[in-house]
Amino acid sequence: MARKEWTHDAVILGTGQAGKPLARALGRAGWRTAIVERDRVGGSCVNYGCTPTKTLVASARVAYLVRRAGAYGFTVGEPGVDFPRVMARQREIVERFRRGSQQGLEQTPNVELVFGEGRFTAPYRIEVERGSGERRELAAPKIFINTGTRAAVPPIAGLEHVPYLDHASLLELDRLPEHLLVIGGGYIGVEYGQLFRRLGSSVTIVQRAPQLLAREDEDVATALQDILREEGVALYLGAQATRVRREARAIVLDVRTSGGSVALRGTHLLVAAGRVPNTDRLRLEAAGIETDARGFIRVNDRLETSVPGIYALGDVKGGPAFTHISYDDFRAVRSNLLEGGAATIRQRLVPYTVFTDPQLGRVGATEKELQAEQREYRVAQLPMAHVARAVETGETRGFMKALVDGKTGQILGCAILGVEGGELANMIQIAMMGKLAYTVLREAVLPHPTLGESLNNLFMTLDG
């Protein structure tokens, strides 16, 4: 295509955590940039994921602390949960973040925000259809796809006839579920399961794998399972949901377990059984863009697709589905296109936090992965009940675990299931990035009494 036929220097599909900052960076660098959004600016994180769920987690934690007030020397009654106000609070925060994101794009020079559904008509050509049916063609030598994922719909008989919830529609509830059934024991299932239990719902989680958070080590998953059961969450592990139906005002979920079949009755059903990419309506075949069998876009180490000049960023390319990974994809592309860099996504650390309470902070390898690689490693482990700051604040559930190379002493990974576990895992990640031996953290002078100071004691467990 001749240069004079380009309408822009770059077109971005999606305003998520890679698309939005990339549009602003390109615009500031003088690139004429169009960014296309089908629905709401901000992507899943702002609208359906991080922002609303962590806001709800915070509200649920207040209810939890009120119920525990006696342990701190206070006499109070059962908290009265104003569920409409709880939901209104998260919507207000989401709207504030979304509005800020949109204004940031609209105020950036050389950036045009285009609302509508974008799809390829040829390599480097995008047709945008607006709600009115109006169509507009965009063309650019650089195109970036940041369209994310959506909730998968598992093949369960009768599901199409039941008004089930996903992570997005659940946020529109205005009445607290009496009994929430959850299909899926991943990050979404456990976070929502615990927070709704704390708000007053009965909660049952059905997980096909033999443990929650199937990729975690068994000891980590078991400890989290014990915490959820302690709070009254019912768990069916190694169980398969086979059929769902309505009976009067109840939703009935038939579940096959190792001990036989059981019919679970609830008032609401949340389906949190994985994600599928938003690629099915992009007409990728018109551009010759390759995908894997599940529809995720194939990319190289620099995030370029099978078509030169067309890139995929964030969840739509598969791999770790975290906001900070999407943002790091943006940084890599910015470095390579605007700064003359040679950034790749090869061998980057993938940290994450599961925002249960206590949090699970994770980075690096698990024991399962090291065993599969036949790596020599040592385990440093410390119960949170042995952490002074945790005892003082009454937050002693969980434990800390770090994996250390048996020869070099470098830290290979960690799992921190405990109060502010995500923040503690961040500290270990920084040590890993600096390739520090565990002995550096063992001997570090850290303020007392802090949670971070517990890293001294954690790594002292390797001395015995």
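The model is predicted, so local features need pLDDT of at least 70 and side-chain atom pairs count only at pLDDT 80 or more, while totals for chains, interfaces and linings use all residues. Residues are numbered from 1 along each chain as its sequence is written, and side-chain values use heavy atoms, leaving out hydrogens and water.

**Helix α4**
- With 24 residues (83-106) at 1.5 Å a residue, α4 should span 34 Å, and its end C-alpha atoms are 35 Å apart, which agrees.
- The expected span is 1.5 Å times one less than the number of residues.

**α1 meets α4**
- The axes of α1 and α4 come within 9 Å and cross at roughly 25 degrees.
- That makes the two helices roughly parallel (under 35 degrees).
- On the α1 side, K20, A23 and R24 are in contact (heavy atoms within 4.5 Å) with S101, G104 and L105 of α4.
- The residues of this contact divide into 2 nonpolar, 2 polar and 2 charged.

**V307**
- You will find V307 in the loop between β16 (275-277) and β17 (310-312).
- V307 is buried, with a relative accessible area of 9%.
- Beyond its neighbours within four places in sequence, V307 touches Y124, A287, G288 and I289.
- I143 is 164 residues from V307 along the chain, and their C-alpha atoms are separated by 10.0 Å.

Terms used. Helix = DSSP H or I, 4+ residues; strand = E, 2+ residues; numbered from the N terminus. Buried < 20%, exposed > 50% of the residue type's maximum accessible area, 1.4 Å probe, protein only. Axes fitted to C-alpha atoms, helices over the stretch in contact; angles between N-to-C directions. Parallel < 35°, antiparallel > 145°, perpendicular 65-115°, else oblique. Nonpolar A, V, L, I, M, F, W, Y, C, P; charged D, E, K, R; others polar.
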